[in-house]
Amino acid sequence: LARYARLPAGAQALLRLVAVVPGRTERWLVDDLLQPHLDDLEAALASGLLQADAATLLYRHELGRVAVESSLSPPQTQALHRQLLAALQPELRATPAARLTHHALQAQDPAAITRWAPAAAEEATARGAHREARAHWRAALRHGQPAAAAQQRQWLEAFLATAVFTGR
């Protein structure tokens, strides 16, 4: 955090955005949301917190990412996830439902959770990732807004099936 605090405001904004994305952050996404000045990108890289390849940005160490992410206020975090959710909408990009669900949950967007969590659960089930599917169904049930009782029953049955399959 001391390295982060010494950086110019633009570099700090870049580090905040990359911190709320688990793993690698695509350069096009950073460019779309921030239009960072080259000096800010270079400062973030020179700080030793961030590294880059031709297409992505990544924290050098996960502890650095977590430190910056945990220093953000809840409204800052929520706003960043809302921006990311809007930029990653599948009408514009081929974004996995699990990634959209992650940002929807962090943005506390019930409509997006309702849309993406069941799709993420079905994708996870198709891959044989039943614990992940169970987590997505749980998120849909806790934070989503099923359109009708029939849809809620379907979600509960799917959650139950993954729970049974995973021994929970």
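Okay, quick one to start: is R65 buried or exposed? This is a predicted model, by the way, so keep that in mind. The answer is that R65 is buried, because its relative accessible area is 9%, and the cut-off for buried is under 20%.

So what does R65 do in there? Its side chain meets that of E62 in a salt bridge, 2.8 Å from N to O. Both residues lie in helix 5, which covers residues 62–70, and they sit 3 residues apart, about one turn of the helix. R65 also makes a salt bridge with E69, this time at 3.0 Å, N to O. That pair is 4 residues apart in helix 5, so again about one helical turn separates them. If you want the background, an α-helix has 3.6 residues a turn, so residues three or four places apart point the same way. Put together, E62, R65 and E69 form a network of salt bridges.

While we're on helix 7, residues 97–107: its buried residues are A97, L100, T101, H103, A104 and A107. What covers them? The cover includes helix 6 (74–87), helix 8 (110–127) and helix 9 (130–143).

Now the helix packing I wanted to show you. Helix 2, residues 9–19, packs on helix 3, residues 27–34, at an angle of about 125°, and the axes are 11 Å apart. That angle makes helix 2 oblique to helix 3. The crossing of these two helices is right-handed. On the helix 2 side the contact uses A13, L14, L17 and V18, and on the helix 3 side V30, L33 and L34. By class, that contact has 7 nonpolar residues, no polar ones and no charged ones.

Last stop, still in helix 2: A11. A11 is buried, with a relative accessible area of 0%. Leaving out residues up to four places away in sequence, A11 touches D40, A43 and A44. Take A44: A11 and A44 are 33 residues apart in sequence, yet 5.4 Å apart in space, C-alpha to C-alpha.

That's my tour, thanks.

Terms used. Residues numbered from 1 in each chain as written. Predicted model: local features only at pLDDT ≥ 70, side-chain atom pairs only at ≥ 80, totals over all residues. Heavy atoms only, no water. Axes fitted to C-alpha atoms, helices over the stretch in contact; angles between N-to-C directions. Parallel < 35°, antiparallel > 145°, perpendicular 65-115°, else oblique. Left-handed = near helix turned anticlockwise from the far one by under 90°. Contact = heavy atoms within 4.5 Å. Nonpolar A, V, L, I, M, F, W, Y, C, P; charged D, E, K, R; others polar. Buried < 20%, exposed > 50% of the residue type's maximum accessible area, 1.4 Å probe, protein only. Salt bridge = Lys/Arg side-chain N within 4 Å of Asp/Glu carboxyl O.
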